[in-house]
Amino acid sequence: MTTFEGPCSCCDAGCGFFCMNFYCCGPCAMGKVAATYNVPGGFLTGCCCGNCVICNFLIRSAVAKEHTIDDGMNSFLCPCCCPGCSNVQIIMTAHKQGKFEGACGAPETQEMER
């Protein structure tokens, strides 16, 4: 069974990943995760209010649902008690599952129909 990564797993992908996605571009990282998991409001929800209890709950629930994680009461307690730790768990779980490579970088290009 899949579980959320631990709240202290922020450096598991290396110090560069940590600095870019938590220290420098944390809101953008949450925005990309929210958009990837089709959270209502997408990128703006994660970027502008990813630390807000309700938005963090929505993003965390979307990640848990897609990866069949039984989060139980943690789905509400983690965003409520320590949204920063919850952000680490969300981002690192998305990264481990191959859904998030980093906050910075060009979005995928789409060809325009003629």
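**Aromatic and helix contacts in the predicted model**

At 10% relative accessibility, Phe17 counts as buried (buried means under 20% relative accessible area, exposed over 50% and partly exposed in between, with a 1.4 Å probe and protein chains only). The model is predicted, so local features need pLDDT of at least 70 and side-chain atom pairs count only at pLDDT 80 or more, while totals for chains, interfaces and linings use all residues. Residues are numbered from 1 along each chain as its sequence is written, and side-chain values use heavy atoms, with hydrogens and water left out.

Two aromatic pairs were counted, where rings of Phe, Tyr and Trp (its six-membered ring) pair if their centres lie within 6.5 Å, planes under 30 degrees apart being stacked, over 60 edge-to-face and the rest tilted. One of them joins Phe17 and Phe100 edge-to-face, at 6.2 Å centre to centre and 80° between the planes. Phe17 lies in helix H1 (residues 15-24) and Phe100 in the segment after H6, so the pair ties together parts 83 residues apart in sequence. Phe100 is buried too, with a relative accessible area of 2%.

Charges also sit over rings, meaning that NZ of Lys or CZ of Arg is within 6 Å of the ring centre and within 35 degrees of the ring normal. Arg60 lies over the face of Phe4, 4.2 Å from the ring centre, and Lys99 over that of Tyr37, at 5.7 Å.

Turning to the helices (DSSP runs of H or I, at least four residues, numbered from the N terminus), Cys78, Pro79 and Cys81 in H5 meet Pro83, Ser86 and Gln89 in H6, contact meaning heavy atoms within 4.5 Å.

Methods
Helices (H or I, at least four residues) and strands (E, at least two) are DSSP runs, numbered from the N terminus.
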